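Subject: Structure handover

Hello,

Here is the structure I promised you. Please open it alongside this email, and the findings follow below.

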Amino acid sequence: MESSKSDSNKGMVETCIFCWIANDQDKETEVIKQNKELVCFRDIDPAAPHHYLVIPREHIHSCLSLHKAHTGLIKRMAEMGRAVLHDQGITDMEDIRLGFHQPPYISVDHLHLHVLAPTSQISKYMSYKFIPGTNNFVTEKHLRKRLKNKAPPVQCISGS
């Protein structure tokens, strides 16, 4: 396990459980992999034999809060997810699913990538939550394409 941690709680939302995990404040969650920007841990309600979540340390509400400058972040989240699967012995990278739920279909208001494998073993009772191309689940590849031309929000500067 990589051990680099954030030096501060910058951007932490006190009421967000994922912020607590990202800042090593939740002692019950086992972190599987982490670096200065991202943290990966097991989903508490797994839909597949391997079901992990990759989150940024920075609090970002959801994939709808992103713009094209976040494309690299999404790519790095996916890279960490694939690395964790590889570390866990998953070799068939064609039988995996990486994606995000979109509001209002999110249970925690902190951006998180679902990493599932093997896809062929996703629980039939939970599979509806992870269907690519639906309104509630967007794959990381599709999200990166969507962000390609999405400009950041305009910052209004108020004058005196």
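Contact here means heavy atoms within 4.5 Å. Keep in mind that the model is predicted.

**Helix against helix**

Let me start with the contact of α2 with α3. Thr71, Ile74, Lys75, Ala78 and Arg82 are the α2 residues in it. They meet Glu140, Lys141, Leu143, Arg144 and Leu147 of α3. By type, the residues of this contact are four nonpolar, one polar and five charged.

Two packed helices are described by the angle between their axes and the distance between the axes. Here, the axes of α2 and α3 cross at roughly 170 degrees and come within 9 Å. Angles over 145 degrees count as roughly antiparallel, and α2 and α3 are therefore roughly antiparallel to each other.

**The sheet**

Strands of a sheet pair through backbone hydrogen bonds, either parallel or antiparallel.

Strand β4 covers residues 97-101, and three bridges join β4 to β6. Within these strands, Phe100 stands opposite Val138 of β6.

**Empty space**

Rolling a probe the size of a water molecule over the atoms shows where empty space is left. The largest pocket has a volume of about 410 Å³. It is lined by 22 residues. Which of them are closest to its centre? Asp43, Ile44, Leu53, Ser107 and His114 are. The elements that give two or more residues to this lining are α1 (17-22), β2 and β3. The largest share, three residues, comes from α1. By type, the pocket lining has eleven nonpolar, six polar and five charged residues.

Next, the cavity. A search of the whole structure finds one cavity of 30 Å³ or more. The space in the largest cavity is about 40 Å³. Its lining includes His61, Ser62, Cys63, His101, Ile106 and Val108. Phe100, the residue opposite Val138, lines the cavity too. So do His110, Leu111 and His112. The cavity lining divides into five nonpolar, five polar and no charged residues.

**Backbone points to check**

Most residues other than glycine have a negative phi, and most peptide bonds are trans. Three places deserve a look.

- The peptide bond from Pro103 to Pro104 is cis, with omega near 5 degrees. Pro104 lies in the loop between β4 and β5.
- The peptide bond from Ala117 to Pro118 is also cis, with omega near -15 degrees. Pro118 is in the loop between β5 and β6.
- Asp24 has a positive phi, near 55 degrees, and is not a glycine. Asp24 lies in the loop between α1 and β1.

Best wishes

Notes
Residues numbered from 1 in each chain as written. Predicted model: local features only at pLDDT ≥ 70, side-chain atom pairs only at ≥ 80, totals over all residues. Heavy atoms only, no water. 1 Å grid on protein atoms, 1.4 Å probe; cavity = no way out; pocket = protein on both sides within 12 Å on 5 of 7 lines; lining within 4 Å. Points joined across faces, edges and corners; volume = space filled by probe spheres on them. Nonpolar A, V, L, I, M, F, W, Y, C, P; charged D, E, K, R; others polar. Pairing = 2+ DSSP bridges. Helix = DSSP H or I, 4+ residues; strand = E, 2+ residues; numbered from the N terminus. Axes fitted to C-alpha atoms, helices over the stretch in contact; angles between N-to-C directions. Parallel < 35°, antiparallel > 145°, perpendicular 65-115°, else oblique.
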